[in-house]
Amino acid sequence: MGKLEGKAAVVTGGARGIGREIVAAFAAEGADVAVADVLPKGEAAPVLADVERAGRRGLYVRTDVSREDEVRSMVDAVLETFGRIDVLVNNAGVLSLVPLEEMPVEEWDRVLSINLRGTFLCCRFVLPHMLGRGEGRIVNVASQLGQIGAPELAHYSASKGGVIAFTKALAREVAARGVLVNAVAPGPISTGIMPLQSDGQEEALKNSLPIKRFGEVGEVAPTVVFLASADASYYVGQTLGPNGGDVML
């Protein structure tokens, strides 16, 4: 039996990158999985096929997590299809490389709106269902940059630091009512979205890591599976870091 046998999960930003790997890993562990993503349904088709090959039900819901109406509709659609939500993974996120003195206010707002507001909105509209059932797991995908920061990524670092603080606060609020909230803060992962400006910059970043390489998406998903499972029954408000040693706590 898989670690998530019979569970129903929502993974935001699940159509590609880390999110896609989480969706596939959840299905392999026995969960039905809804992919909530702003990308077109066609781009989510490969991961939905992964879910079906695992013998589980998959669902795509087009969702901009920064929009309250779309998050509400997504949660309603998942509940209508699966009848329950046992696990919420807030993975949707964006980043861009901009010096603060040149950063348009609109870009600051865009990154914070998706990365932090989106996490809040998804929790806000899934929580009543979880609390009503007296159980649930929420895993928020943060970043090691929310712990250490990085030049030209003030907006992204602030949003992910906010996700970590939000995780701790919400965990204290709902743990006694059966909903466990934790976070994952990956280090540099080969997803194709890191805004590196040159091969030299990439090599310098790799060499700064104790492990001397970037992580793969498959090295993040097992941590999320763990936090979503019964194995993590005593983890509350924690931030686990598959980060190659970039942050050591």
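Begin with α6, whose buried residues pack against α4 (105-133), β5 (136-141), α5 (145-148), β6 (179-184) and β7 (239-240); contact here means heavy atoms within 4.5 Å, and buried means under 20% relative accessible area, with exposed over 50% and partly exposed in between (1.4 Å probe, protein chains only). This is a predicted model, in which local features need pLDDT of at least 70 and side-chain atom pairs count only at pLDDT 80 or more, while totals for chains, interfaces and linings use all residues. Residues are numbered from 1 along each chain as its sequence is written, and side-chain values use heavy atoms, with hydrogens and water left out.

Select residues 154-174 to see the whole of α6, which has 21 residues and reaches 30 Å from its first C-alpha to its last, close to the 30 Å expected at 1.5 Å a residue (the expected span is 1.5 Å times one less than the number of residues). Helices (H or I, at least four residues) and strands (E, at least two) are DSSP runs, numbered from the N terminus. Show side chains for the buried residues of α6, among them Tyr156, Val163, Ile164 and Leu170. The helix α6 lies across β5, β6 and β7, running at about 160° to β6; axes are lines fitted to C-alpha atoms, for helices over the stretch in contact, and angles run from 0 to 180 degrees between N-to-C directions.

Next, colour the strands: the open sheet has seven of them in the order β3-β2-β1-β4-β5-β6-β7, with parallel pairing, where two strands pair if DSSP finds at least two bridges between them. Because β3 (58-62) and β7 stand at the edges with a single partner strand each, one side of each is left without a neighbour in the sheet. On this sheet packs α4, touching β1, β4, β5 and β6, and its direction makes about 175° with that of β4.

Now select β4 (residues 87-90), from which Val87 and Val89 point one way and Leu88 and Asn90 the other way, all of them buried. Three bridges join β4 to the parallel strand β1 (residues 8-12), with Ala9 opposite Val87; four bridges link β4 to β5, also in the parallel sense, and there Asn90 stands opposite Asn140.

Finally, select Thr223 in helix α8 (residues 221-228), which counts as buried because its relative accessibility is 17%. Leaving aside neighbours within four places in sequence, Thr223 is in contact with Val184, Leu240 and Pro242.
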